Amino acid sequence: MEVAMSEASVYLDYNATAPMRPEALRVACDAFHTVGNASSIHQHGRDAASKVDRARRQLADLLSCSPGELIFTSGATEANNLALQAAYAQHGLIVTSAVEHPAVLETARALAGGASGALITLPVDRDGQIDPDEFRAVIRQHGTALVSIMLANNETGVITDLSPLIEAAHAAGALVHTDATQFVGRLPLDLGDLAVDLLSLSAHKFGGPQGVGALFIRRGASLPQRPLVFGGGHERGWRAGTLNVPGIVGLGAAAEAAHRLLDDEAPRITKLRDLLENELLERVPGSHVNGSRAPRLPGVSSITIPGAPADALLASMPHVAASDGSACSAGAPSPSHVLLAMGLSRDAADSTVRFSLGHATTEQEILRAVDATVRAASQVRAVMDATAGS
Ligand code: PMP
């Protein structure tokens with residue numbers, strides 16, 4: 001596998017971007033070698049269109065939905081924007097949670113535009129979970145709305161038990177969208193069982209290329225068509241623009257591989273995650289795992305190391321690629337809104353590292369990452385203590 005990282009580097013940042021699965025890399029590269037616009041009527045165009053059709057079926061198989069319910073986009077950010085914009089036009093109210101990705105929170109804020117009563121942001125408990133009774137009360141009071149609640153959190157891996165919320169939302173006439181970007185391809189997801197109306201995903205989180213994703217729109221969902229991009233009517237009018245054929249075929253191949261390998265990968269990755277956490281909790285005094293009492297994704301670990309700011313910690317272990325919060329807000333000086341919503345102090349949030357593992361992670365890599373983190377934590381704590389004492 002050709003991944004742009006040095007030989008000695010341990011890559012534990014799958015929630016930012018997972019390395020491409022070899023199957024996906026191969027077909028995406030092959031697709032760059034061929035010419036053909038999927039809308040053209042000649043043979044080249046028909047070949048491109050048939051590759052896109054195949055990818056749509058591969059993704060539909062992974063999600064147990066119909067290929068006709070999928071719109072290809074440039075990623076989950078666009079899919080979230082598309083879903084929220086269309087549903088807001090219909091309902092004029094968005095009910096969401098405090099721990100959503102900015103691609104939902106900022107979109108909801110922009111759509112609501114400060115209008116009173118147009119946006120309700122539900123709090124979470126210290127395990128990152130919404131209180132279902134509070135949700136039911138809100139939804140009963142407000143009725144028709146767009147509910148947008150993520151399936152798994154990008155920073156902590158905490159999984160939402162969505163089914164009871166969907167039931168309550170539908171009973172009140174609300175439409176339900178979920179940002180499943182971190183869940184898809186990591187754990188089984190059956191849209192025959194999970195009755196959401198809309199779902200967003202991004203290929204690069206499950207071994208496909210960056211810059212491609214999809215929005216699932218359930219057949220029969222009552223939703224006005226509100227494209228973000230107007231033009232030639234591609235994707236049944238939802239998303240104009242020449243299709244990204246190499247990206248889409250890479251997404252399809254990654255979906256197929258994830259579908260085939262998921263049952264073996266999920267327990268293997270969970271074991272590695274547990275090894276990482278057990279070792280770190282034992283060897284780094286005072287450390288704790290955020291969201292550990294909630295159901296979580298197999299490969300995500302949010303670990304607070306009090307007294308060791310995450311930026312300094314990560315700088316002291318350059319051969320381990322991990323994240324100090326969500327990569328999407330990297331560079332921004334503000335602390336993680338997810339961890340603050342879970343009740344962490346600003347200091348604790350700033351001293352939290354996210355390790356995210358995946359399909360290519362090995363036990364040896366975990367042990368190397370643990371050693372590096374233990375060393376870095378004691379170095380950074382020593383410097384912090386010396387600075388505080390001087
Ligand atoms: N939602 C979640 C939960 C994510 O983790 C991400 C990626 N960090 C996105 C949406 C946005 O995905 P993309 O940048 O691929 O559009």
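Author: Let us begin with aromatic pairs: rings of Phe, Tyr and Trp pair if their centres lie within 6.5 Å. The model is a predicted one, and a search of the whole structure finds one aromatic pair.

Reader: What makes tyrosine 11 and tyrosine 14 an aromatic pair, and why is the pair called tilted?

Author: Their ring centres are 5.8 Å apart, and the limit is 6.5 Å, so the two rings pair. The angle between the planes is 55°. Planes under 30 degrees apart would be stacked and those over 60 edge-to-face, so this pair falls in the remaining class, tilted. Both tyrosine 11 and tyrosine 14 are buried.

Reader: How do you know whether the protein chain is as compact as a globular protein of its length?

Author: The chain has eleven helices and twelve strands. Its radius of gyration is 21 Å and the globule rule gives 21 Å for 390 residues, so the chain is as compact as a globular protein of that length. Along the principal axes, the C-alpha atoms fill a box of roughly 70 × 55 × 35 Å. Of the 390 residues, 55% count as buried. Among contacts with a separation of 6 or more, 73% are between residues 24 or more positions apart.

Reader: What makes the class of glycine 211 what it is?

Author: Glycine 211 lies in the loop between β7 (198-202) and β8. Its relative accessible area is 41%. Beyond four places in sequence, glycine 211 is in contact with Thr73, Ser74 and Asn244. Thr73 is also among the contacts of alanine 214. Glycine 211 and isoleucine 248 are 37 residues apart in sequence and 9.5 Å apart in space, C-alpha to C-alpha.

Reader: How do you know which class alanine 266 belongs to?

Author: Alanine 266 is at 11% relative accessibility. The limit for buried is under 20%, so alanine 266 counts as buried. Its place is in helix α7. Not counting residues up to four places away in sequence, alanine 266 touches Arg186, Leu187 and Pro298. Alanine 254, twelve residues away in sequence, is 15 Å from alanine 266, C-alpha to C-alpha.

Reader: What is noted about the phi of serine 64, and why is this residue given its accessibility class?

Author: Serine 64 has a positive phi of about 55° although it is not a glycine. The residue lies in the loop between α2 (43-63) and β2 (70-73). Its relative accessible area of 39% is between 20% and 50%, so serine 64 is partly exposed. Arginine 236, likewise not a glycine, has a positive phi of about 55°. Arginine 236 is in the loop between β8 and α7 (245-283).

Methods
Residues numbered from 1 in each chain as written. Predicted model: local features only at pLDDT ≥ 70, side-chain atom pairs only at ≥ 80, totals over all residues. Heavy atoms only, no water. Helix = DSSP H or I, 4+ residues; strand = E, 2+ residues; numbered from the N terminus. Rg over C-alpha atoms; globule rule 2.2 N^0.38 Å. Buried < 20%, exposed > 50% of the residue type's maximum accessible area, 1.4 Å probe, protein only. Contact = heavy atoms within 4.5 Å. Phe/Tyr/Trp six-rings, centres within 6.5 Å; stacked < 30°, edge-to-face > 60°.
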